Each structure stands twice: as C-alpha cells, then as structure tokens.
Amino acid sequence: GGRCIPEDESVNWQINPGDGFIYSRASAPGCYEVECNEEKTALYITMGGTTQMCKEGEYLEGSSFSSTILSGRLGPCPAPERICPSLACPADCSNPNGDCVDGDKCRCFAGYAGEDCSTI
C-alpha cells in the first residue's frame, strides 16, 4: 500500500531526466509504495521500480533508487510497528476511505462501507 514518508528538508531534490535540464524541488513528505516483511519488523519503500529497506531513524538517498536523482533523501524512516499493521487490511481500506484497526479490519469513514470501504 502507499504511505507518506518524510523527506529530509535540508536537501532539495534534483533530478536529471536526460533532457538537458536539471529539475529541482523543495523537500516535502511524499507518498510511496511501501511493504513489510511477514514478521512486520522491516519496512521497504519502492520508488521507480527499486525497493530499499528503510531502517527506523535512518535516511535513504534518492540516488540509490535511480541514477537520474542527483540529490534528495527520504527519512527519517518511521518505525515498522507504526506502518506495518495497517498494511494487512483489505485493499488498504480503499485509502483514504477508512482506517485499518485491529491489524486486519477496516473501519470505514462516513459514506463508505464494505470489507475494504470501497462501497459508497
């Protein structure tokens, strides 16, 4: 499922897609594809088809995901116990239609229903 992960605000992101320009943007929390191991003790982030383990409190360099990323970093990485339990819910509770509770059940927000909160 997707989750927002903080970005190091002291480092701007710079990307060189190969078109002769370098694009820059300020750091801000970004949403990335995340998954956990079966034990829910390790968090993995995927960006551009590359997956990296995100250890609690550490940073991931953007350049480790793609050679087109010149600068920028994710982190500090959140604790797996904060993120992993909610990834066990069906369809991630059709985020943002509901919250994952009790590790594997969706509590749907007003106006949504169903096992995965996808029914209006």
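This briefing covers the disulfides of the structure. The model is predicted: local features need pLDDT of at least 70, side-chain atom pairs count only at pLDDT 80 or more, and totals for chains, interfaces and linings use all residues. Residues are numbered from 1 along each chain as its sequence is written, and side-chain values use heavy atoms, with hydrogens and water left out.

**Overall count and pattern**
- A disulfide is a pair of cysteine sulfur atoms within 2.5 Å, and the count by this rule is 6.
- With bonded cysteines counted along the chain, the pattern is 1-2, 3-6, 4-5, 7-9, 8-10, 11-12.

**Cysteine 89 and cysteine 100**
- The sulfur atoms of this pair are 1.9 Å apart.
- The S-S torsion of cysteine 89 and cysteine 100 is about 80 degrees, so the link is right-handed.
- Cysteine 89 sits in the loop between α1 (80-83) and β10 (98-101), and cysteine 100 in strand β10, so the bond ties together parts 11 residues apart in sequence; helices (H or I, at least four residues) and strands (E, at least two) are DSSP runs, numbered from the N terminus.
- Cysteine 89 is buried at 5% relative accessibility, while cysteine 100 is partly exposed at 21%; buried means under 20% relative accessible area, exposed over 50%, and partly exposed in between (1.4 Å probe, protein chains only).

**Cysteine 93 and cysteine 106**
- This disulfide has an S to S distance of 2.2 Å and is left-handed, with -95 degrees about the S-S bond.
- Both cysteine 93 and cysteine 106 are buried.

**Cysteine 108 and cysteine 117**
- Here the sulfur atoms are 2.2 Å apart.
- Cysteine 108 is partly exposed, at 25% relative accessible area, whereas cysteine 117 is buried, at 0%.
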